[in-house]
Amino acid sequence: MNTVIRVHGYGGPDVLRVETLPVPTPGPGEIVVRQEAIGVNFIDTYFRSGLYRFPSLPAIPGMEGAGTITAVGDGVSGLRTGMRVAYPATPGGYATLRTIAADRVVVLPNDITAQTAAAIMLRGLSVHMLLRDVYRVQPGDDILVYAAAGGVGLLMCQWARHLGARVIGVVSTPEKAALAKTNGAADVIIGTDNVAEQVHTLTEGRMLPVVYDSIGKDTFETSLSCLRPRGLMVSYGNASGAVTGVDIGTLASHGSLYLTRPLLMTYIAQRSALEHAARELFALVEKGVLTPRIGQSFALKDAAQAHIALESRKTTGSTILLP
């Protein structure tokens, strides 16, 4: 049988139910993966709560994981049973066994474990998207990164430092500030009060070409105030709730700013783009440029506890589930 976590209705962590389903069979173009590790991300809480909607209910949350292929459907080439694979940005992850389209997985290098892969596929490819595609960070750039001690934030600090950028991180506690600095942040702001004023001081009035904001409605206006004229506001998360009711005139009043709300699935929709981004990510991990931190792990059956920890901002680094 197959142990899964399913949602039958939207709500708090208590709607995550442990259930048993039959062993899945792959359809044409699909494979079955026995998962060894599953990533837990804020986007999972958005789908669970109803901020984002599943196509139908009941549904299985979870957007990334890694494991071993146990079955291959008709029409699949280049993959076989026994191969170690990982995937990002594909719903249905909270399960011991899952089906997935074969073109949505990548083969894991021998020296990257399933746990590491589950900690970096969605997060690491999101960082690739943010730093290399949405805005191409250059040496000497000053950038602002919210939640700099989280799973995405720590990888952003490491990767941006490697690119020669100066990272100004925003975190909630002194302990998280120390962690962000250890992972590449040059300066860290604790709390979200007076962020723009502190950025003004740290940059000697230059302000920033780009801000990476994963918090959402509570920091949106502050983030705009941190940008220099024609700067780019990258809003890529909703930890405090969705940004709504935006008057686009505010972009003009802050200096003809640009605003984007990127989604990883768009950037890796083509198989070639997924493979390219994954190769760059794996190469930096293998070289030691990126050192993923798994701050906490939970048993699959304790997915609700993982959501509680994530939403209470008690986590650092990546959070994973172990089937």
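In α9, seen here in a predicted model, the residues Leu274, Ala277, Ala278, Leu281, Phe282, Leu284 and Val285 are buried (under 20% relative accessible area, with exposed meaning over 50% and partly exposed in between, for a 1.4 Å probe and protein chains only). They sit on the same side of α9 because they cover an arc of only 160° around the axis, the arc being that of the directions from the helix axis to the C-beta atoms. Over on the other side, Ser272 and Arg279 are exposed. What do the buried residues of α9 pack against? They pack against β7 (106–107), α2 (114–134) and α3 (151–162), where contact means heavy atoms within 4.5 Å.

As for its build, α9 spans residues 271–286, 16 residues in total, and reaches 22 Å from its first C-alpha to its last, close to the 22 Å expected at 1.5 Å a residue (that is, 1.5 Å times one less than the number of residues). After α9 comes Gly288, with a positive phi near 85°. Helices (H or I, at least four residues) and strands (E, at least two) are DSSP runs, numbered from the N terminus.

Now for the strands. Strands of a sheet pair through backbone hydrogen bonds, in either a parallel or an antiparallel way. Two strands count as paired if DSSP finds at least two bridges between them. β3 (residues 30–40) and β4 (residues 65–72) are antiparallel, with 7 bridges, and Arg34 has Thr68 in β4 as its bridge partner. β4 also pairs with β5 (residues 84–87), again in the antiparallel sense, over 4 bridges; here Thr68 stands opposite Arg84.

An open sheet of 6 strands pairs in parallel, in the order β10-β9-β8-β11-β12-β13. Its edge strands, β10 (187–190) and β13 (258–260), each pair on one side only. On average, neighbouring strands are turned by 15° against each other, direction ignored; axes are lines fitted to C-alpha atoms, for helices over the stretch in contact, and angles run from 0 to 180 degrees between N-to-C directions. Within this sheet, β11 (residues 208–213) and β12 (residues 227–235) run parallel and are joined by 5 bridges, and Val211 stands opposite Met233 in β12. Helix α4 (residues 174–182) packs on the sheet, touching β9 (166–171) and β10, and its direction makes about 160° with that of β10. Helix α5 (residues 195–202) packs on the sheet too, touching β8 (142–146), β9, β10 and β11.

Residues are numbered from 1 along each chain as its sequence is written, and side-chain values use heavy atoms, leaving out hydrogens and water. Because the model is predicted, local features need pLDDT of at least 70 and side-chain atom pairs count only at pLDDT 80 or more, while totals for chains, interfaces and linings use all residues.
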